[in-house]
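Here's a quick walk through how the parts of this model touch one another. Have the sequence and the 3D view open as you read.

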Amino acid sequence: MTTMDVRNAALVDQAPARRSWWKALLADRGAMLALLVLTLIVLAAVFAPLLAPFDPNANSRAVMQPPAWSERGNWQHILGTDGQGRDILSRILYGTRLTLLIALVAIGIGGVIGSGLGLLSSMYPRLDPWVMRLNDMMLSFPAILLGLAMVAVFGPGVWPIILALAVASIPDCARIARSIGIGVMSQEYIEAGRAVGLTDWTIFRKYLLRNSISSIMIFLSLRFGQVILIGAALSFLGLGARPPASELGMMAAQGRDFLLFAPHIVAVPSVAIFIIVLCANVTGDALRDVLDPRLKS
Amino acid sequence: MIETILNRLLVSIPVLFGVLFLGFALVQLAPGDPAQVQAGPTATPEVVAQIRQEMGLDQPVIVQFGRYIERLAQGDLGRSLISNKTVASELIVAIGPTLELMVASLIWSIPIGIAMGTLAAVWRGSLFDRAIMALSVAGVSLPIFFICLVLIQLLGVKYPIFPFIGRGGPLWTAEGLRHIALPAMSLGLIFIGPVARMTRSSVLEVLRLDHVRTARAKGLTEREVILRHGLRNALIPVVTLIGLQIGYLLGGAVVTETIFSYPGIGRLAVGAILSADFPLAQGTILVLAIGFIVVNLIVDILYARLDPRVQKK
């Protein structure tokens, strides 16, 4: 078979496959629901200042008011108020914003560095053992340890946590990007590109990156939920976001003292985290199953 | 076998150095001048300079790193700024409880996860399978602190069956067991989901292999096929997964210990960091990191034992 035939065969193979992955995704009702909810949550977070009925930091005398559907609740504060009389719905909207932002920035930084390293090591086999060794070393620091270490040095705050989550994302991401990249580099179009004298940079940009980016993105979406959970846990411990900012993990921690009288102060932000992470996990799983079953292992 | 272990040990050495360097860097990066702290706020610059010389702080960084390792080897991790006890003595007291918590969480969650995953694979596509898979996705999406607080509310306050503060004593005493019940339940719960999922996909893969077909063909019962030929081989990736998830478990342990005021390394670490007790923070992070390396080492060795193919590579 000539190169041309292989290419045509690949194109023929790809055209129906492209249409069918959308169909497969649309047919997965659970995943569509998760995607819809996730989209709504992201929109709500983005437009928090417009949607929030109250100033998230404004205290009121209505302290520890339960949500509207319970006996003593009222519809003014739909999700009730916290220990300082702040409107929980407004704080949830802003808190989701910060929680999502922390995870997104961390995944973004870690994803770019990690996949850059992985793809480079798939392109230059001489680099490979070094990158992999560095990777093994970084794998020895679980995210929570990096978080503790960063906070020990820089003090509690959002940035140390973002830094820790980003660094913790690098090794896994590099490993996946490398294995995807090796697959792409063995394709004949790379050889063809080399033969017509394209520079390494062009090959990297036009072929390697373009052909591996979707798989890398799927992997990152699978990781997203975990990053949110670790970030929220660190903030819950008081190591992340600082008051008066609202962050979902920190909000849950603030409700701990009122667990007996006003369990909703803990429950509402916790359930919010659960819904976000669940939707992210279900969507990521479905995307992977449909688009790239190779990542399944 | 021995070769595998030695190889693996060799790989751990640079990692260990990385960890030690991290610990060292923590001390270096910590705010405040140790010599100034030692000398007190009223000391003259000359006295501070002299103390700096005595402490070796005027030496090049690499020499200081060497000294640091020398001190570590002697078990000298400095003193806690808050309690003024030696860091080593604080750490030794906290290691046991953390290990107990890990064991108490894994000992029930791993068998349950494996059983659930196997049954889900055997009854693939059934309602049970779908329920287990849905539960495990939900399980990995729950924040650990929420699980802890719900269990406290339910089994500690509403139905006061278990205490939820502190540690009652060693694991083999009744009081110790009662106290560790809720933390171990919380921490184990987050582990069942991943184990069940991994077991299911692994068993499904193995059941497709030729030797399973042969076992069926020679007339073994389905039960024998699954237990003797399926599960045994399917557990190898599960062991790897458990190793990979130890970091995740560690994170859970830090949160769980803090919520239950359980006197382990995790709580010690969080407390030290929040109160800017740098020597203690550094010690706890070192112990956690080294513990993580050791567990990974054990998992890798176990893996090589379970899978003869690994040794040949």
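In this predicted model, eleven residues of domain 1 of chain B are in contact with twelve residues of domain 2 of chain B. Domain 1 of chain B covers 2-73, and domain 2 covers 87-312. Taken over C-alpha atoms, the centres of these two domains are 35 Å apart. On the side of domain 1 of chain B that touches domain 2 of chain B, you'll find seven nonpolar, three polar and one charged residues.

Now for the chain-to-chain contact. Here chain B puts in 37 residues and chain A puts in 35 residues. Helices giving two or more residues to chain B's side include helix 1 (2-29), helix 7 (144-158) and helix 11 (246-259) of chain B. Helix 1 of chain B supplies the largest share of that side, with eight residues. By class, chain B's side splits into 31 nonpolar, six polar and no charged residues.

Helix 7 and helix 11 of chain B also pack against each other. Their axes come within 9 Å and cross at roughly 35°, and the crossing is right-handed. Here's who makes that contact:

| Helix of chain B | Residues in the contact |
|---|---|
| Helix 7 | Ile144(B), Phe145(B), Cys148(B), Leu149(B) |
| Helix 11 | Gly252(B), Val255(B), Thr256(B), Ile259(B) |

How do the residues of the contact of helix 7 with helix 11 of chain B divide, and how many are charged? Six are nonpolar and two are polar, with no charged residues.

Terms used:
Residues numbered from 1 in each chain as written. Chains lettered and ligands numbered in written order. Predicted model: local features only at pLDDT ≥ 70, side-chain atom pairs only at ≥ 80, totals over all residues. Contact = placed C-beta atoms within 7 Å. Helix = DSSP H or I, 4+ residues; strand = E, 2+ residues; numbered from the N terminus. Nonpolar A, V, L, I, M, F, W, Y, C, P; charged D, E, K, R; others polar. Domains from an automatic or database assignment. Axes fitted to C-alpha atoms, helices over the stretch in contact; angles between N-to-C directions. Left-handed = near helix turned anticlockwise from the far one by under 90°.
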